[in-house]
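This report considers selected features of the structure shown below.

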Amino acid sequence: MAADSSLLLSLVEEYVSGLQDSKAKDTATGVKDGEFTVLQLVEALGLSLTSSQPHTRARGVQLLSEVLHECYGNLTEREVEVLIAFYENRLKDHYVITPSVLQGLRALTKCAALPPGSAVSMLRSLFQDVHVQSLMLAERSCVYSMLINLMETREAELKGLGADFVFGFVQSMDGERDPRNLLLAFQIAKSIIHRGYDLGKFTEELFEVTSCYFPIDFTPPSNDPHGITKEDLIEALRAVLSGTPKFAEFVLPLIIEKLDSDVQSAKLDSLQTLTSCVSQYEHKDLAEFLEGLWTSLRREVFQTSSERIECAGLAALTALTSCLSRSVLNSDSEDSLSTFLDLVLTDCKHHLCEPDLKLVWPSAKLLQAACSASSRASHIITAAVMPALVEQYSSRTQCSHRRTLLEVVLRFIQSVTSSQSSENEESMFLAFRQSLCDMVFSALSETNSSLQITATTTLTSLAQQTGLLLDADIELAVDHLTRLLLTEEDEKVSVAVVSCAGALAELHPTIFISKFIPRLKKEMFSEPMDQDNNREASEKHSHHAVRQQCLSALAAVSIRPSVVQESTPVLLEVLSSAHAGSVGFSVEEVVLACRSLQKIAEQVQDTEETGRCFHELIIPRLLSLALQAALQGEGSSGRRSPLVEEVVLSAVVSVIGTSCSRLQPKLAEQTAARAVSLFLDGDVSFLPDNSFPSHIQLLKQPQRESWSQLQMVCLLMGCVCSLPRSVAVPQIEQLLSQLEEMSCTCTHPLSYTSAAKCFAGLVNKQSQGDSLDSLIQRTMKRVCGELDSTSSPTRSQAFTLMIWVAKGLLLRYHPLSTALTDKLFSLLDDADLGSMAAEGFSLLMSDSADVLNRGCHADLRIMYRQRFFSENSAKLVQGFNAAPQEKKSNYLKALSNIVNKLPKQVQITELPALLNLLLEALSCPDQGVQLSTLSCLEPVLIDPPPALIQQLEALFSRLLALVSSPTMSVKITSLRCIHALSRLPTHEIFPFRARVLKALARPLDDKKRRVRSEAVLARGEWYLVGSPGGSCLYSHERTNENLEQH
């Protein structure tokens, strides 16, 4: 014990007299290890604590407080009681001791062994003996932390203080200026309000001490390490002001006053705070301020110059109306909602009937904002407004006026929809049902396109309201939509009609099945009428446009399974007729039919019924038609089926892939088995129109060159590579072997590329293990053998297989992917394949549309691009440095393709290390490399790293040269980069000003308008560089003083 005592005395002496701050940690360690207790430390500090020198006493208290900060969890209740008494006494000591005392008390407030009544004792001493606002920032923060700790753990005791606690806090906070401490103070004030502390007679004082900061006006320094934003302070203060209805009599006049401000941010803050407050207040709290609030809100919407303020004002009006709607009506009480809405209607309704409709939109927005607040408000406003709108629409003859009024009606319908408590609630527009239908149908009959578009949107909203459209109305609507679809040439109208038809078909499928789909089918399968020679071309073009709209409409209406079963046979009949040549469908129309089928597969409700429709009808029918076309080849007339065209097959693959990706597990397994048996065994038994020859071999090279059969492999890819990973593909080893053989020996590009993609898609989903590793190694051996033989005629095929397998393995982080990507790097020096290898990196980093993507359930790990870049960027740089001059462009193209696909934030981080190579890439003659590199640099130039500033000479030289590029996209992007450079500090870029202005004169006369526009913007900014009122000659960081509002 004597040794421990001497050690403790030594530590105290070295800390107090020797000013060795590290001894505090040693002392705390001794207390934790049980070498001595806190009370023994107090005894050892005896001489220091009783010294006549204030600074010596302060060092002693500081040591004790630092030890308590580390050891407060081990204190007993008796020790805490003694220490509290000691610290309370020290609060009366010299002011230099106070900071250390507060640190000690803060540590004690965290103790679990805090004795009963000690929290009240501490706060009484604190409020009595310490003037908080005379303390330094850290000590004030310490006081706020003490209050927060005690409110968390000793709430009942603090509430026992009554209003004295609130008064003490008000005194402590009064005059606070630091944003960090304000956040703590606002947190305490919020807790006082929300946890039910007794405010007593100090309600106004608490409001005054917090509201003096409203509205917040604070901009943090650019190098602020604390991360406190203006929004943080606004949200914290707003939570206080809106926390209790007791503040209403003070807050609402304050908000009305601040809304008169000319400062936009103050207006916005006031409106948003009003929205927050009225959601907590009761209607009786608002009664005496309603007229003033309405006047302010009306002014902000009628006279606003900012969309944000207008939106905030409308949101505040909605919240205010919602608050009033919550009032309970008594026989002897005034209806606050009716009183308020009378004000709104008096000021707004007459504007809806003015001849010029000048203020119709501000008035309508205000009425709609109030309307959307509650069902009760909706009834009052619609009953008052709708008759006037209907009358106005009937009396107007100009289409522009009618459109405006119909848009107003539309907004009212949408506002009411948002206020309804349930979808099945009876619509409050029921009394105006016939008038609304007449308005919409008359608008659909007009020739004005804008009015027609508004009418379709209104029709959609009416259909979503319960009971507004009867079956007869729906039939009439379908007739109008069909007429517009078949006759209207305006593309915007057609898009609106298709969208409306889709919405109505989901709600009323039966009418669309019986009327809409048959009418569209009839129109699509009719041929253009014979006309004279001068009109024949335009007639065909018009009929083609109608067919396009019909195909889009069929997809849009096919959401319900019952509609899908009627629409998909029509689309399949389009493909069948195009194949047979019985109807003259163009290749483009066949592709559109496939895209419609794909859209249906994407959007249709996922049910067993729709799954069977695709499994048993659509997929077999597509495979059958494609196989018929492949076997048919060219007929005696020389006509070739459009289903052998690559663009059509790609569209069919998308349909099959999307369909298979959404099949239920059992159906997916059956589809996989059918597809594999068709391509491996020639089993055509499940195909409709089964008139195919026996022993079809779709994966083997035929005796005579028949690429039309070989390219069918792309359909196999659509079937088996889109299935969920849980679905086992039968005969997988034999299938992979055949695909590998086709990939390496076939000479038809679409066929061997599709085989390679299918092989990679299957490998990507294979389970990890020796079987997969041996398969990959065998494939790698064959591929590398072909690639290493410069005389091999199938090097391109081997490269295609290698790049797709590399992508499939890279996505899943397979270890063997490295060997393939290393081989790809080595091919950058190859005389024949170097350019292909460089482009291959773009394939590795890009998303694939038909295979190896999330929609196909591929094994795709997050951030695989970043991982590939981090592992291989050094190899790329080393290869570039070692490559001969004529091969360096391949490395630059590869680098550009990799970096361009990285997320922007990663590009910015990695740019300094690759800057020299990127600058070299700008000098590369390949325009694709130039554009890709410029796209990488453009976002970085907004806030360039120091490494880029040091390379400005090289950067300007290359960018100015690209301004004269023959490629428009390169010119535009280089001009944007030059424009971005004008924002750099003027002392850095001023030496380049004259050269830039001279170079930018040429694109001002470019034949392309977009190039001229970019040149004007860039040159205008560069003219201002260094001029008064333009960019400053030196850039200064804007600094802000601490928030001062008191």
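## Cysteines

Cys744 counts as buried, at 3% relative accessibility; buried denotes under 20% relative accessible area, exposed over 50% and partly exposed in between, for a 1.4 Å probe and protein chains only. The model is predicted, so that local features require pLDDT of at least 70 and side-chain atom pairs count only at pLDDT 80 or more, whereas totals for chains, interfaces and linings use all residues. Residues are numbered from 1 along each chain as its sequence is written, and side-chain values use heavy atoms, with hydrogens and water left out.

A search of the whole structure finds zero disulfides, a disulfide being a pair of cysteine sulfur atoms within 2.5 Å. Cys744 is in no disulfide, and the nearest cysteine sulfur, that of Cys746, is 11 Å away. For Cys721, the closest cysteine sulfur belongs to Cys758 at 3.9 Å, which is too far for a bond. Cys721 is buried, with a relative accessible area of 2%.

Gln797 belongs to helix 40 (residues 795–811). Helices (H or I, at least four residues) and strands (E, at least two) are DSSP runs numbered from the N terminus. The relative accessible area of Gln797 is 5%, so this residue is buried.

Leaving aside residues up to four places away in sequence, Gln797 touches Ser743, Cys744, Cys746, Thr747 and Tyr752; contact means heavy atoms within 4.5 Å.

## Helices 8 and 9

The axes of helix 8 (residues 118–129) and helix 9 (residues 137–153) come within 11 Å and cross at roughly 155 degrees. Helix 8 is therefore roughly antiparallel to helix 9. Axes are lines fitted to C-alpha atoms, for helices over the stretch in contact, and angles run from 0 to 180 degrees between N-to-C directions. Angles under 35 degrees count as roughly parallel, over 145 as roughly antiparallel, 65 to 115 as roughly perpendicular and the rest as oblique.

From helix 8, Ala119, Met122, Leu123, Leu126 and Phe127 meet Val143, Met146, Leu147 and Leu150 of helix 9. By class, this contact has nine nonpolar, no polar and no charged residues. Ala, Val, Leu, Ile, Met, Phe, Trp, Tyr, Cys and Pro count as nonpolar, Asp, Glu, Lys and Arg as charged, and the others, Gly among them, as polar.

## Helices 45 and 48

Helix 45 (residues 904–922) and helix 48 (residues 952–962) have axes that come within 9 Å and cross at roughly 25 degrees. Helix 45 is therefore roughly parallel to helix 48.

Leu919, Glu920 and Leu922 of helix 45 make the contact with Ala954, Leu955, Arg958, Leu959 and Leu962 of helix 48. These residues divide into six nonpolar, no polar and two charged.
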